[in-house]
Amino acid sequence: MTDRENALLAAVPNQLFIGGAWVDATGGTTFAVHDPATGQVVREVADATPDDGIRALDSAVAAQESWAATAPRARSEILRRAWELVQERAEDLALLMTVEMGKPLVEARGEVAYGGEFLRWFSEEAVRVHGRYGSNPEGTGQMIVSQHPVGPSYFITPWNFPFAMATRKIAPALAAGCTTVLKPAEATPLTSLFFAQLLAEAGLPAGVVNVVTTTSASRISAPLIADPRLRKLSFTGSTGVGRKLIAQAADTVLRVSMELGGNAPFVIFDDADLDKAVEGALAAKFRNIGQACTAANRFIVHERIAEEFAERITARVAAMRIGRGTEEGVTIGPLIDDDAVAKAAELVADAAARGAVVRTGGTRIDRPGSFYEPTVLTGVATGSAILREEIFGPVLAITTFTTEDEAVRLANDTEYGLVSYVYTRDLARGHRMIDRLETGMMGLNVGVVSNAAAPFGGVKQSGVGREGGFEGIHEYLATKYTLIPND
Ligand code: ADP
(Lines give C-alpha, C1' and ligand atoms only; values in the text may rest on other atoms or scores of the structure.)
Protein backbone atom coordinates (compact mmCIF):
# COMPACT_ATOMS: atom_id res chain seq x y z
CA MET A 1 0.00 0.00 0.00
CA THR A 2 1.18 3.52 -0.77
CA ASP A 3 1.53 6.28 1.82
CA ARG A 4 -1.51 7.98 0.33
CA GLU A 5 -3.59 4.81 0.67
CA ASN A 6 -2.44 4.30 4.24
CA ALA A 7 -3.32 7.88 5.18
CA LEU A 8 -6.72 7.64 3.52
CA LEU A 9 -7.58 4.33 5.18
CA ALA A 10 -6.47 5.54 8.61
CA ALA A 11 -8.81 8.53 8.26
CA VAL A 12 -11.91 6.52 7.29
CA PRO A 13 -14.26 6.06 10.24
CA ASN A 14 -14.34 2.44 11.37
CA GLN A 15 -17.15 2.51 13.94
CA LEU A 16 -20.91 2.21 13.61
CA PHE A 17 -22.78 5.40 12.71
CA ILE A 18 -25.84 5.53 14.96
CA GLY A 19 -27.85 8.59 15.93
CA GLY A 20 -25.25 10.89 14.38
CA ALA A 21 -22.44 9.49 16.54
CA TRP A 22 -19.58 7.09 15.82
CA VAL A 23 -19.84 4.23 18.29
CA ASP A 24 -18.20 0.86 18.88
CA ALA A 25 -20.12 -2.34 18.41
CA THR A 26 -21.47 -3.87 21.61
CA GLY A 27 -18.59 -5.83 23.12
CA GLY A 28 -16.11 -3.88 21.00
CA THR A 29 -15.74 -6.59 18.37
CA THR A 30 -14.32 -5.79 14.94
CA PHE A 31 -13.66 -7.55 11.64
CA ALA A 32 -11.01 -7.20 8.97
CA VAL A 33 -11.45 -5.61 5.55
CA HIS A 34 -9.16 -6.97 2.82
CA ASP A 35 -7.70 -5.73 -0.43
CA PRO A 36 -8.73 -8.48 -2.88
CA ALA A 37 -5.75 -7.65 -5.11
CA THR A 38 -3.27 -8.62 -2.40
CA GLY A 39 -5.23 -10.41 0.31
CA GLN A 40 -3.81 -7.85 2.77
CA VAL A 41 -5.91 -6.56 5.71
CA VAL A 42 -6.45 -2.84 5.16
CA ARG A 43 -8.62 -1.84 8.13
CA GLU A 44 -10.58 -3.28 11.06
CA VAL A 45 -14.18 -2.09 11.39
CA ALA A 46 -16.86 -2.50 14.04
CA ASP A 47 -18.79 -5.78 13.87
CA ALA A 48 -22.36 -4.88 14.85
CA THR A 49 -24.52 -7.25 16.90
CA PRO A 50 -28.31 -7.62 16.57
CA ASP A 51 -28.67 -5.20 19.52
CA ASP A 52 -26.67 -2.63 17.58
CA GLY A 53 -28.99 -3.12 14.63
CA ILE A 54 -32.00 -2.40 16.82
CA ARG A 55 -30.26 0.66 18.26
CA ALA A 56 -29.78 1.91 14.71
CA LEU A 57 -33.49 1.38 14.00
CA ASP A 58 -34.38 3.14 17.28
CA SER A 59 -32.45 6.13 16.08
CA ALA A 60 -34.06 6.09 12.61
CA VAL A 61 -37.50 5.83 14.22
CA ALA A 62 -36.71 8.73 16.59
CA ALA A 63 -35.63 10.94 13.68
CA GLN A 64 -38.52 10.03 11.34
CA GLU A 65 -41.10 12.59 12.38
CA SER A 66 -38.87 15.63 12.25
CA TRP A 67 -37.20 14.53 9.01
CA ALA A 68 -40.58 14.03 7.35
CA ALA A 69 -41.58 17.50 8.58
CA THR A 70 -38.38 19.08 7.24
CA ALA A 71 -39.16 21.25 4.22
CA PRO A 72 -38.57 19.46 0.91
CA ARG A 73 -36.33 22.36 -0.11
CA ALA A 74 -34.16 21.82 2.98
CA ARG A 75 -33.93 18.08 2.30
CA SER A 76 -33.10 18.86 -1.30
CA GLU A 77 -30.28 21.20 -0.34
CA ILE A 78 -28.67 18.66 1.97
CA LEU A 79 -28.66 16.15 -0.90
CA ARG A 80 -27.24 18.75 -3.24
CA ARG A 81 -24.51 19.61 -0.73
CA ALA A 82 -23.74 15.90 -0.36
CA TRP A 83 -23.35 15.69 -4.15
CA GLU A 84 -20.93 18.63 -4.05
CA LEU A 85 -18.90 16.99 -1.28
CA VAL A 86 -18.75 13.79 -3.31
CA GLN A 87 -17.24 15.82 -6.19
CA GLU A 88 -14.71 17.37 -3.84
CA ARG A 89 -13.71 14.01 -2.37
CA ALA A 90 -14.10 11.99 -5.57
CA GLU A 91 -10.48 10.85 -5.74
CA ASP A 92 -10.49 9.57 -2.15
CA LEU A 93 -13.79 7.81 -2.62
CA ALA A 94 -12.62 6.16 -5.83
CA LEU A 95 -9.35 5.02 -4.31
CA LEU A 96 -11.12 3.63 -1.28
CA MET A 97 -13.43 1.56 -3.49
CA THR A 98 -10.53 0.24 -5.53
CA VAL A 99 -8.69 -0.79 -2.37
CA GLU A 100 -11.58 -2.58 -0.70
CA MET A 101 -13.31 -3.96 -3.79
CA GLY A 102 -10.65 -4.27 -6.48
CA LYS A 103 -12.18 -2.50 -9.48
CA PRO A 104 -9.80 -0.50 -11.69
CA LEU A 105 -9.42 3.08 -10.49
CA VAL A 106 -10.88 4.52 -13.70
CA GLU A 107 -14.03 2.47 -13.13
CA ALA A 108 -14.13 3.50 -9.48
CA ARG A 109 -14.08 7.13 -10.65
CA GLY A 110 -16.95 6.25 -12.97
CA GLU A 111 -18.89 4.83 -10.07
CA VAL A 112 -18.31 7.96 -8.00
CA ALA A 113 -19.75 10.03 -10.85
CA TYR A 114 -22.67 7.64 -11.42
CA GLY A 115 -23.42 7.06 -7.73
CA GLY A 116 -23.14 10.78 -7.01
CA GLU A 117 -25.75 11.53 -9.66
CA PHE A 118 -28.43 9.90 -7.49
CA LEU A 119 -27.78 12.57 -4.87
CA ARG A 120 -28.15 15.33 -7.44
CA TRP A 121 -31.13 13.76 -9.21
CA PHE A 122 -33.08 13.17 -6.01
CA SER A 123 -32.19 16.60 -4.66
CA GLU A 124 -34.14 17.77 -7.72
CA GLU A 125 -36.96 15.27 -7.26
CA ALA A 126 -37.41 16.11 -3.55
CA VAL A 127 -39.28 19.31 -4.44
CA ARG A 128 -41.41 17.69 -7.14
CA VAL A 129 -43.56 15.25 -5.20
CA HIS A 130 -47.12 15.98 -6.27
CA GLY A 131 -50.53 14.43 -5.86
CA ARG A 132 -53.88 14.87 -7.63
CA TYR A 133 -57.10 16.68 -6.94
CA GLY A 134 -60.44 16.36 -8.68
CA SER A 135 -64.14 15.78 -8.29
CA ASN A 136 -65.50 12.27 -8.03
CA PRO A 137 -67.46 11.00 -11.06
CA GLU A 138 -70.74 11.36 -9.14
CA GLY A 139 -70.05 15.05 -8.62
CA THR A 140 -70.73 14.73 -4.92
CA GLY A 141 -67.25 15.25 -3.51
CA GLN A 142 -63.61 16.10 -3.98
CA MET A 143 -60.93 13.44 -4.24
CA ILE A 144 -57.44 14.27 -3.02
CA VAL A 145 -54.51 11.95 -3.72
CA SER A 146 -51.44 12.84 -1.68
CA GLN A 147 -47.99 11.31 -1.16
CA HIS A 148 -46.37 10.68 2.22
CA PRO A 149 -43.01 9.28 3.32
CA VAL A 150 -43.37 5.57 3.91
CA GLY A 151 -41.21 5.76 7.05
CA PRO A 152 -38.04 4.16 8.45
CA SER A 153 -36.31 2.13 5.76
CA TYR A 154 -33.69 -0.62 5.94
CA PHE A 155 -31.12 -1.09 3.19
CA ILE A 156 -28.96 -4.10 2.51
CA THR A 157 -26.34 -3.50 -0.19
CA PRO A 158 -23.82 -5.69 -2.03
CA TRP A 159 -20.07 -5.29 -2.45
CA ASN A 160 -19.85 -4.88 -6.23
CA PHE A 161 -20.83 -1.18 -6.38
CA PRO A 162 -20.19 -0.10 -2.79
CA PHE A 163 -21.01 3.56 -3.39
CA ALA A 164 -23.71 3.59 -6.06
CA MET A 165 -25.81 0.90 -4.40
CA ALA A 166 -25.90 3.00 -1.23
CA THR A 167 -26.72 6.33 -2.92
CA ARG A 168 -29.37 4.70 -5.11
CA LYS A 169 -31.33 3.82 -1.98
CA ILE A 170 -30.39 6.59 0.44
CA ALA A 171 -30.93 9.53 -1.92
CA PRO A 172 -34.58 8.79 -2.87
CA ALA A 173 -35.40 7.83 0.72
CA LEU A 174 -34.06 11.11 2.07
CA ALA A 175 -35.76 13.06 -0.70
CA ALA A 176 -39.08 11.43 0.19
CA GLY A 177 -38.65 12.18 3.91
CA CYS A 178 -37.70 8.71 5.15
CA THR A 179 -35.01 7.87 7.68
CA THR A 180 -32.73 4.92 7.08
CA VAL A 181 -30.48 2.16 8.36
CA LEU A 182 -27.84 0.92 5.92
CA LYS A 183 -26.10 -2.42 6.21
CA PRO A 184 -23.31 -2.59 3.65
CA ALA A 185 -21.71 -5.83 2.52
CA GLU A 186 -19.09 -7.29 4.81
CA ALA A 187 -16.41 -7.13 2.08
CA THR A 188 -16.82 -3.39 1.42
CA PRO A 189 -17.95 -1.46 4.51
CA LEU A 190 -15.45 1.41 4.22
CA THR A 191 -17.10 3.23 1.32
CA SER A 192 -20.41 3.44 3.22
CA LEU A 193 -18.70 4.70 6.36
CA PHE A 194 -16.85 7.36 4.37
CA PHE A 195 -20.13 8.33 2.70
CA ALA A 196 -21.94 8.57 6.05
CA GLN A 197 -19.29 11.03 7.15
CA LEU A 198 -19.90 13.14 4.02
CA LEU A 199 -23.64 13.13 4.69
CA ALA A 200 -23.03 14.41 8.21
CA GLU A 201 -20.76 17.12 6.79
CA ALA A 202 -23.54 18.02 4.34
CA GLY A 203 -25.74 18.84 7.32
CA LEU A 204 -27.86 15.71 7.58
CA PRO A 205 -29.50 15.66 11.03
CA ALA A 206 -28.56 12.90 13.49
CA GLY A 207 -30.39 9.61 13.08
CA VAL A 208 -31.58 10.16 9.50
CA VAL A 209 -28.92 7.82 8.11
CA ASN A 210 -27.45 5.09 10.32
CA VAL A 211 -24.80 2.62 9.18
CA VAL A 212 -24.19 -0.78 10.74
CA THR A 213 -21.26 -2.82 9.47
CA THR A 214 -21.35 -6.48 10.40
CA THR A 215 -20.32 -10.04 9.64
CA SER A 216 -23.77 -11.23 10.80
CA ALA A 217 -25.99 -10.06 7.95
CA SER A 218 -28.90 -12.39 8.63
CA ARG A 219 -28.75 -12.15 12.45
CA ILE A 220 -28.90 -8.36 12.25
CA SER A 221 -31.47 -8.19 9.50
CA ALA A 222 -34.09 -10.66 10.72
CA PRO A 223 -35.06 -8.70 13.88
CA LEU A 224 -35.15 -5.41 11.96
CA ILE A 225 -37.39 -6.89 9.27
CA ALA A 226 -39.67 -8.34 11.95
CA ASP A 227 -39.91 -4.99 13.78
CA PRO A 228 -43.28 -3.31 13.09
CA ARG A 229 -41.62 0.12 13.27
CA LEU A 230 -39.75 -0.63 10.04
CA ARG A 231 -41.80 0.35 6.98
CA LYS A 232 -39.60 -0.45 4.03
CA LEU A 233 -36.88 -2.91 3.01
CA SER A 234 -34.72 -2.33 -0.03
CA PHE A 235 -32.22 -5.01 -0.97
CA THR A 236 -29.68 -5.40 -3.75
CA GLY A 237 -28.01 -8.77 -4.00
CA SER A 238 -28.53 -12.33 -5.09
CA THR A 239 -31.93 -13.77 -5.96
CA GLY A 240 -31.47 -16.52 -3.35
CA VAL A 241 -31.08 -14.06 -0.48
CA GLY A 242 -33.81 -11.83 -1.95
CA ARG A 243 -36.29 -14.71 -1.82
CA LYS A 244 -35.51 -15.29 1.87
CA LEU A 245 -35.93 -11.60 2.65
CA ILE A 246 -39.27 -11.41 0.81
CA ALA A 247 -40.45 -14.39 2.89
CA GLN A 248 -39.36 -12.64 6.11
CA ALA A 249 -41.03 -9.40 5.01
CA ALA A 250 -44.32 -11.25 4.52
CA ASP A 251 -44.84 -11.51 8.28
CA THR A 252 -45.26 -7.76 8.70
CA VAL A 253 -46.41 -7.17 5.10
CA LEU A 254 -43.37 -4.94 4.77
CA ARG A 255 -42.99 -2.98 1.55
CA VAL A 256 -39.98 -4.26 -0.38
CA SER A 257 -37.81 -3.24 -3.31
CA MET A 258 -35.61 -6.02 -4.64
CA GLU A 259 -32.78 -5.60 -7.12
CA LEU A 260 -31.73 -9.19 -7.64
CA GLY A 261 -29.64 -11.25 -10.01
CA GLY A 262 -29.49 -11.06 -13.77
CA ASN A 263 -28.58 -13.29 -16.69
CA ALA A 264 -28.44 -10.68 -19.41
CA PRO A 265 -28.59 -11.79 -23.03
CA PHE A 266 -26.44 -9.86 -25.50
CA VAL A 267 -28.01 -10.48 -28.89
CA ILE A 268 -26.10 -9.54 -32.04
CA PHE A 269 -28.03 -9.74 -35.31
CA ASP A 270 -26.22 -10.19 -38.60
CA ASP A 271 -27.04 -6.62 -39.68
CA ALA A 272 -25.34 -5.16 -36.58
CA ASP A 273 -22.50 -2.67 -36.66
CA LEU A 274 -19.86 -5.11 -35.48
CA ASP A 275 -17.40 -2.42 -34.38
CA LYS A 276 -20.03 -1.06 -32.02
CA ALA A 277 -21.06 -4.55 -30.92
CA VAL A 278 -17.47 -5.39 -29.95
CA GLU A 279 -17.09 -2.17 -27.93
CA GLY A 280 -20.49 -2.68 -26.30
CA ALA A 281 -19.67 -6.30 -25.51
CA LEU A 282 -16.42 -5.34 -23.79
CA ALA A 283 -18.24 -2.80 -21.62
CA ALA A 284 -21.22 -5.02 -20.89
CA LYS A 285 -19.07 -8.00 -19.99
CA PHE A 286 -15.84 -6.79 -18.43
CA ARG A 287 -16.88 -3.66 -16.56
CA ASN A 288 -16.38 -4.31 -12.85
CA ILE A 289 -14.50 -7.49 -13.84
CA GLY A 290 -17.84 -8.99 -14.85
CA GLN A 291 -19.25 -8.56 -11.34
CA ALA A 292 -22.45 -6.68 -12.11
CA CYS A 293 -26.04 -7.84 -12.14
CA THR A 294 -26.27 -6.04 -15.49
CA ALA A 295 -23.24 -7.89 -16.90
CA ALA A 296 -23.89 -9.57 -20.23
CA ASN A 297 -24.02 -13.25 -19.33
CA ARG A 298 -24.95 -14.92 -22.62
CA PHE A 299 -23.74 -13.73 -26.02
CA ILE A 300 -26.31 -14.86 -28.55
CA VAL A 301 -24.80 -14.14 -31.93
CA HIS A 302 -26.14 -14.75 -35.44
CA GLU A 303 -24.24 -17.70 -36.89
CA ARG A 304 -23.17 -15.76 -39.99
CA ILE A 305 -21.11 -13.30 -37.95
CA ALA A 306 -20.34 -15.39 -34.86
CA GLU A 307 -16.83 -16.37 -35.89
CA GLU A 308 -15.82 -12.86 -36.88
CA PHE A 309 -17.20 -11.52 -33.59
CA ALA A 310 -15.38 -14.24 -31.64
CA GLU A 311 -12.06 -13.49 -33.34
CA ARG A 312 -12.30 -9.77 -32.81
CA ILE A 313 -13.40 -9.98 -29.21
CA THR A 314 -10.78 -12.63 -28.41
CA ALA A 315 -8.00 -10.38 -29.71
CA ARG A 316 -9.22 -7.55 -27.48
CA VAL A 317 -9.68 -9.73 -24.41
CA ALA A 318 -6.29 -11.43 -24.77
CA ALA A 319 -4.68 -7.97 -24.72
CA MET A 320 -6.34 -6.84 -21.48
CA ARG A 321 -4.04 -5.74 -18.72
CA ILE A 322 -4.52 -7.55 -15.41
CA GLY A 323 -3.40 -6.20 -12.04
CA ARG A 324 -4.22 -4.20 -8.95
CA GLY A 325 -6.82 -1.58 -9.86
CA THR A 326 -4.52 1.28 -8.89
CA GLU A 327 -1.94 0.36 -11.56
CA GLU A 328 -1.94 2.43 -14.74
CA GLY A 329 -3.78 0.84 -17.66
CA VAL A 330 -5.24 -2.09 -15.70
CA THR A 331 -8.71 -3.09 -16.92
CA ILE A 332 -9.03 -6.42 -15.12
CA GLY A 333 -8.65 -6.30 -11.35
CA PRO A 334 -9.17 -9.14 -8.91
CA LEU A 335 -12.47 -10.85 -8.22
CA ILE A 336 -13.91 -10.17 -4.79
CA ASP A 337 -12.59 -13.39 -3.20
CA ASP A 338 -11.32 -16.90 -3.89
CA ASP A 339 -14.84 -18.35 -3.94
CA ALA A 340 -15.63 -16.11 -6.90
CA VAL A 341 -12.52 -17.39 -8.69
CA ALA A 342 -13.51 -20.99 -7.95
CA LYS A 343 -17.00 -20.36 -9.33
CA ALA A 344 -15.69 -18.87 -12.59
CA ALA A 345 -13.32 -21.82 -12.96
CA GLU A 346 -16.13 -24.31 -12.36
CA LEU A 347 -18.43 -22.69 -14.93
CA VAL A 348 -15.67 -22.67 -17.54
CA ALA A 349 -14.80 -26.32 -16.80
CA ASP A 350 -18.45 -27.35 -17.12
CA ALA A 351 -18.86 -25.50 -20.43
CA ALA A 352 -15.60 -26.98 -21.79
CA ALA A 353 -16.66 -30.48 -20.75
CA ARG A 354 -19.82 -29.95 -22.82
CA GLY A 355 -17.84 -28.99 -25.89
CA ALA A 356 -17.13 -25.26 -25.59
CA VAL A 357 -13.81 -24.00 -26.95
CA VAL A 358 -11.68 -21.76 -24.73
CA ARG A 359 -10.44 -19.07 -27.13
CA THR A 360 -8.43 -17.17 -24.54
CA GLY A 361 -8.01 -17.24 -20.76
CA GLY A 362 -9.60 -20.03 -18.81
CA THR A 363 -7.28 -20.24 -15.84
CA ARG A 364 -6.76 -18.81 -12.41
CA ILE A 365 -3.82 -16.42 -12.29
CA ASP A 366 -1.01 -17.51 -10.05
CA ARG A 367 -0.31 -14.40 -7.97
CA PRO A 368 -1.45 -13.12 -4.59
CA GLY A 369 -5.09 -11.96 -4.56
CA SER A 370 -8.16 -13.42 -6.27
CA PHE A 371 -7.46 -13.18 -9.99
CA TYR A 372 -9.05 -15.03 -12.90
CA GLU A 373 -8.03 -14.54 -16.51
CA PRO A 374 -10.48 -12.77 -18.81
CA THR A 375 -11.88 -15.58 -20.90
CA VAL A 376 -13.77 -16.12 -24.16
CA LEU A 377 -15.70 -19.33 -24.86
CA THR A 378 -17.30 -20.26 -28.18
CA GLY A 379 -19.67 -23.07 -29.05
CA VAL A 380 -21.23 -23.08 -25.59
CA ALA A 381 -23.79 -25.91 -25.62
CA THR A 382 -27.38 -25.65 -24.44
CA GLY A 383 -27.56 -27.05 -20.91
CA SER A 384 -24.20 -25.60 -19.82
CA ALA A 385 -24.37 -24.12 -16.32
CA ILE A 386 -22.80 -20.89 -17.58
CA LEU A 387 -25.96 -20.11 -19.59
CA ARG A 388 -28.20 -20.64 -16.59
CA GLU A 389 -26.24 -19.08 -13.74
CA GLU A 390 -24.97 -15.59 -13.15
CA ILE A 391 -21.23 -15.79 -13.95
CA PHE A 392 -20.13 -12.73 -11.94
CA GLY A 393 -16.68 -12.96 -13.46
CA PRO A 394 -14.71 -12.07 -16.62
CA VAL A 395 -15.97 -14.90 -18.80
CA LEU A 396 -17.65 -14.22 -22.14
CA ALA A 397 -19.72 -17.15 -23.41
CA ILE A 398 -20.89 -17.26 -27.03
CA THR A 399 -23.76 -19.27 -28.49
CA THR A 400 -25.33 -18.86 -31.93
CA PHE A 401 -28.76 -18.55 -33.54
CA THR A 402 -30.22 -18.43 -37.03
CA THR A 403 -33.68 -16.80 -36.85
CA GLU A 404 -35.09 -13.86 -34.93
CA ASP A 405 -37.60 -16.12 -33.20
CA GLU A 406 -34.81 -18.39 -32.04
CA ALA A 407 -32.84 -15.40 -30.71
CA VAL A 408 -35.88 -14.26 -28.73
CA ARG A 409 -36.53 -17.74 -27.37
CA LEU A 410 -32.90 -18.15 -26.26
CA ALA A 411 -32.76 -14.66 -24.76
CA ASN A 412 -35.91 -15.22 -22.70
CA ASP A 413 -34.92 -18.72 -21.62
CA THR A 414 -34.00 -17.75 -18.05
CA GLU A 415 -35.79 -17.09 -14.80
CA TYR A 416 -34.10 -13.68 -14.70
CA GLY A 417 -35.22 -10.51 -16.45
CA LEU A 418 -33.04 -7.55 -15.54
CA VAL A 419 -31.50 -6.19 -18.73
CA SER A 420 -30.92 -7.23 -22.32
CA TYR A 421 -28.60 -5.87 -24.98
CA VAL A 422 -29.49 -5.96 -28.65
CA TYR A 423 -27.39 -4.96 -31.64
CA THR A 424 -29.15 -4.41 -34.95
CA ARG A 425 -29.31 -1.65 -37.56
CA ASP A 426 -32.92 -2.50 -38.31
CA LEU A 427 -35.14 -0.03 -36.48
CA ALA A 428 -38.30 -2.13 -36.83
CA ARG A 429 -36.49 -5.15 -35.42
CA GLY A 430 -35.20 -3.03 -32.55
CA HIS A 431 -38.76 -2.04 -31.69
CA ARG A 432 -39.89 -5.66 -31.90
CA MET A 433 -37.17 -6.58 -29.43
CA ILE A 434 -38.38 -3.93 -26.97
CA ASP A 435 -41.73 -5.74 -27.01
CA ARG A 436 -40.47 -9.29 -27.04
CA LEU A 437 -37.54 -9.45 -24.62
CA GLU A 438 -38.68 -10.01 -21.05
CA THR A 439 -36.41 -7.62 -19.18
CA GLY A 440 -36.88 -4.46 -17.16
CA MET A 441 -34.19 -2.62 -19.15
CA MET A 442 -32.65 -2.78 -22.61
CA GLY A 443 -29.59 -1.41 -24.33
CA LEU A 444 -30.32 -1.07 -28.04
CA ASN A 445 -26.89 -0.79 -29.69
CA VAL A 446 -25.23 0.12 -26.39
CA GLY A 447 -23.55 -1.95 -23.65
CA VAL A 448 -24.16 0.16 -20.53
CA VAL A 449 -27.58 1.59 -19.67
CA SER A 450 -27.41 2.76 -16.04
CA ASN A 451 -28.36 6.37 -15.41
CA ALA A 452 -29.69 8.10 -12.29
CA ALA A 453 -32.48 9.60 -14.41
CA ALA A 454 -33.72 6.17 -15.55
CA PRO A 455 -35.76 3.53 -13.70
CA PHE A 456 -33.37 0.67 -12.95
CA GLY A 457 -34.94 -2.68 -12.18
CA GLY A 458 -36.03 -6.05 -13.41
CA VAL A 459 -38.95 -8.34 -14.12
CA LYS A 460 -39.32 -12.07 -13.35
CA GLN A 461 -36.87 -13.20 -10.65
CA SER A 462 -34.63 -10.17 -11.12
CA GLY A 463 -36.75 -8.27 -8.65
CA VAL A 464 -39.47 -5.79 -7.88
CA GLY A 465 -39.35 -2.02 -7.79
CA ARG A 466 -37.28 0.60 -9.59
CA GLU A 467 -34.36 2.74 -8.52
CA GLY A 468 -33.65 6.10 -10.11
CA GLY A 469 -35.73 8.12 -12.51
CA PHE A 470 -39.12 9.58 -11.73
CA GLU A 471 -40.12 6.15 -10.39
CA GLY A 472 -37.35 5.92 -7.79
CA ILE A 473 -38.80 8.26 -5.19
CA HIS A 474 -42.15 6.48 -5.30
CA GLU A 475 -40.56 3.42 -3.71
CA TYR A 476 -40.40 5.60 -0.57
CA LEU A 477 -43.80 7.25 -0.78
CA ALA A 478 -47.17 5.94 0.33
CA THR A 479 -50.20 7.11 -1.62
CA LYS A 480 -53.14 8.41 0.39
CA TYR A 481 -56.59 9.07 -1.04
CA THR A 482 -58.94 11.40 0.83
CA LEU A 483 -62.60 12.05 0.00
CA ILE A 484 -64.26 15.32 0.98
CA PRO A 485 -68.04 15.43 0.34
CA ASN A 486 -69.33 18.67 -1.16
CA ASP A 487 -71.93 19.20 1.52
P1 ADP B 1 -23.55 -11.25 -3.40
O2 ADP B 1 -23.59 -12.47 -4.24
O3 ADP B 1 -23.54 -9.97 -4.12
O4 ADP B 1 -22.57 -11.32 -2.26
P5 ADP B 1 -25.60 -11.58 -1.43
O6 ADP B 1 -27.04 -11.65 -1.74
O7 ADP B 1 -24.97 -12.76 -0.78
O8 ADP B 1 -24.98 -11.21 -2.82
O9 ADP B 1 -25.25 -10.33 -0.54
C10 ADP B 1 -25.81 -9.07 -0.71
C11 ADP B 1 -26.04 -8.44 0.64
O12 ADP B 1 -26.95 -9.25 1.36
C13 ADP B 1 -24.81 -8.31 1.52
O14 ADP B 1 -24.90 -7.09 2.24
C15 ADP B 1 -24.94 -9.50 2.47
O16 ADP B 1 -24.31 -9.26 3.70
C17 ADP B 1 -26.44 -9.55 2.64
N18 ADP B 1 -26.99 -10.85 3.05
C19 ADP B 1 -26.56 -12.08 2.68
N20 ADP B 1 -27.34 -13.03 3.26
C21 ADP B 1 -28.27 -12.39 4.00
C22 ADP B 1 -29.39 -12.80 4.82
N23 ADP B 1 -29.68 -14.08 4.99
N24 ADP B 1 -30.14 -11.84 5.41
C25 ADP B 1 -29.85 -10.54 5.22
N26 ADP B 1 -28.84 -10.08 4.47
C27 ADP B 1 -28.05 -10.99 3.86
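Which residues is Glu 259 in contact with, leaving aside its neighbours within four places in sequence? The partners include Arg 168, Phe 235, Leu 418, Phe 456 and Arg 466; contact means heavy atoms within 4.5 Å. This is a predicted model, where local features need pLDDT of at least 70, side-chain atom pairs count only at pLDDT 80 or more, and totals for chains, interfaces and linings use all residues. Residues are numbered from 1 along each chain as its sequence is written, and side-chain values use heavy atoms, with hydrogens and water left out.

**Glu 259**
- An unreviewed UniProt entry annotates Glu 259 as "active site"; such annotations may be inferred rather than shown by experiment.
- Glu 259 sits in strand 11, residues 255-259 (strands are DSSP runs of E, at least two residues; helices are H or I, at least four; both are numbered from the N terminus).
- Glu 259 counts as buried because its relative accessibility is 2% (buried means under 20% relative accessible area, with a 1.4 Å probe and protein chains only).

- An open sheet of 7 strands runs in the order 14-15-16-13-12-17-18, with mixed pairing (two strands pair if DSSP finds at least two bridges between them).
- Strand 14 (357-360) and strand 18 (441-444) are at the edges; each has a single partner strand, so one side of each lacks a neighbour in the sheet.
- Strand 17 (residues 419-423) runs parallel to strand 18, joined by 4 bridges.
- Tyr 421 stands opposite Gly 443 in strand 18.

Key
Buried < 20%, exposed > 50% of the residue type's maximum accessible area, 1.4 Å probe, protein only.
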